[in-house]
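Here are my notes for you, written to be read with the structure open beside them. Take the points one at a time and find each residue as you go.

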Amino acid sequence: MKKINSLIIGQGIAGSMVAFHLQQKGLSVMVIDAGKKNTASRIAAGMFSSISGKRKTFDEAMYSKQKFAIDTFRQMEKLLGVEFLHEENIHHLFYSENEKAETLLRMHDENFSAQTELNTSSIENIKQEHGAIEIKNSGWIDCALMLDSYRNYLSASHCFSMADFKYDELEIKNEVFCYGDFEFTNIIFCEGYQKQKNPFFENENIVPCKGDMITLKYANHGNLKILKRNGCFLIPTNDETVKAGSTYLWNNDNEQLLPSGRSEIKNKVNDILSDEFEIINHQTAIRPTTKNREVIAKQHSEYKNMFMLNGLGTKGIIQAPYFANYISELIERKKIIAI
Ligand SMILES: Cc1cc2nc3c(=O)[nH]c(=O)nc-3n(C[C@H](O)[C@H](O)[C@H](O)COP(=O)(O)OP(=O)(O)OC[C@H]3O[C@@H](n4cnc5c(N)ncnc54)[C@H](O)[C@@H]3O)c2cc1C
């Protein structure tokens, strides 16, 4: 039996962040992931912003989580020797004079005006008839690059296993758990929407929310910025393609790729770009959301060394580092260190 401190189920953003914070505290981990390609974390746009939602609100608590997330991602970049965090303004294009007028009124709120700029640089070949504002303290994470780089790092130190975790094979002894060849003090479940199969946290409910993304080839890629208009966003990426999204189908866990998702995004992109573009990829995945939008970062009521991080919803990037650190601190405070 190999003794480790913590076994983590799932290597999406949640599981990766839990493993990273535990390792930063000097605790040994083993991460198991089924290796699915289209998970929420793998296809996510990875965007974060100081102003969010239809009503364009600034939330102080969320902003401090965002600062923590940026620090965490910078530390991870240093460890892995890759750049996946891009801090850039978002150009929010108004879709009507009404929206513009409402937004300009918000400028009287000093929190809002501190995060925005009225004088936006103009962008060629963009439909910008009602004007735009820039949202500062925003950007995006290349999620697939971050997950792959961290997976390689874990694999190189024999801390990663690609397998489907079987709940009925988990042995619960006095102060330890056993699974396969491993004996460990803590187990942390981070399975995203597939948590539905988890028999240990039956009372925690996940609302699945299906979302699609498309990837575009676009000749004027070099001139683009991060753009948002009427619920649609475009992110120019480093490989000269553009990510565009997204759709929101609540209470939907159908993983099938449907043409309706592709055409919904395509129509919205047509409202932003005045030039031709070509769709070169279309993906779909299920977000793990909760009814009250609260993240599930919990210790099991009976098994005190069993935890769950889930329900990151539409804001996985900002929320995962903060709540993963919270769980790693609970584990560290108990001073339960196997090896
Ligand atoms: C289209 C789309 C766009 C998005 N854009 C953004 C965005 O711009 N900004 C933002 O902040 N958020 C965004 N999100 C939301 C974000 O992706 C999620 O909040 C986040 O990815 C959830 O991460 P997770 O690790 O909890 O779940 P997941 O990403 O689902 O990861 C769970 C992992 O656990 C593994 N797993 C599950 N069960 C088992 C098992 N039994 N054994 C082994 N492995 C298992 C799965 O294979 C998976 O790898 C977007 C989501 C979608 C779908």
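Predicted model: local features only at pLDDT ≥ 70, side-chain atom pairs only at ≥ 80, totals over all residues.

1. Every value below is computed from it, so treat the numbers as a description of the model.

2. Let's begin with the way the chain is divided. The domain assignment gives domain 1 as 2–48 + 144–205 + 292–333, and domain 2 as 89–137 + 207–289. How far apart are the C-alpha centres of domain 1 and domain 2? They lie 31 Å apart. The contact between the two domains takes 19 residues from domain 1 and 22 residues from domain 2.

3. Now for the surface they share. Domain 1 and domain 2 bury about 1,600 Å² between them, and 65% of that is on carbon and sulfur atoms. Which three residues supply more than any other three of the area that domain 1 buries against domain 2? They are I43, M47 and Y193, and together they account for 39% of it.

4. On the side of domain 1 that touches domain 2, α2 (40–43) and β3 (47–48) each supply at least two residues. That side of domain 1 divides into 8 nonpolar, 9 polar and 2 charged residues. As for salt bridges, 1 is found across the interface of domain 1 and domain 2. Separately, have a look at E255 and K36, which form a salt bridge with their closest N and O atoms 2.6 Å apart.

5. Stay with helix α2 for a moment, where S41 lies. Is S41 buried or exposed? It counts as buried, because its relative accessibility is 12% and the cut-off for buried is under 20%. The side chain of S41 reaches the backbone nitrogen of I13 at 2.9 Å. If you skip the neighbours within four places in sequence, S41 is in contact with G12, I13, C143 and L147.

6. Next, go to H92, which is found in strand β7 (residues 90–93). H92 is buried, with a relative accessible area of 11%. Which side chain does H92 join in a polar contact of 2.8 Å? That partner is E99. Beyond its neighbours within four places in sequence, H92 is in contact with several residues, including K56, G131, I133 and K228.

7. Compare that with E97, which has its place in helix α4 (residues 97–105). Not counting residues up to four places away in sequence, E97 touches E129 and H130. The C-alpha atoms of E97 and G131 are separated by 8.7 Å, although the two residues are 34 apart along the chain.

8. On to salt bridges in general: the count comes to 11. One of them joins R151 and D33, with the closest N and O atoms 3.5 Å apart. This pair links distant parts of the chain, with R151 in helix α6 (residues 143–156) and D33 in strand β2 (residues 29–33), 118 residues apart. R151 is buried at 11% relative accessibility, and D33 is buried at 13%.

9. Another pair to find is R229 and E129, whose side chains meet in a salt bridge of 3.2 Å, N to O. Here too the partners come from distant parts of the chain, 100 residues apart: R229 is in strand β16 (residues 226–229), while E129 is in the loop between β8 (116–117) and β9 (132–135). R229 counts as buried at 9% relative accessibility. Elsewhere, salt bridges that share partners join R74, E77 and E87 into one network.

10. Finally, look at R106 and D109, whose side chains meet in a salt bridge of 3.8 Å, N to O. How accessible are the two partners? R106 counts as partly exposed at 24% relative accessibility, and D109 counts as partly exposed at 31%.

Methods:
Residues numbered from 1 in each chain as written. Heavy atoms only, no water. Helix = DSSP H or I, 4+ residues; strand = E, 2+ residues; numbered from the N terminus. Buried < 20%, exposed > 50% of the residue type's maximum accessible area, 1.4 Å probe, protein only. Polar contact = N/O pair within 3.5 Å; in protein donor to acceptor, adjacent residues only side chain to side chain. Contact = heavy atoms within 4.5 Å. Domains from an automatic or database assignment. Buried area = accessible area lost by both parts, 1.4 Å probe. Salt bridge = Lys/Arg side-chain N within 4 Å of Asp/Glu carboxyl O. Nonpolar A, V, L, I, M, F, W, Y, C, P; charged D, E, K, R; others polar.
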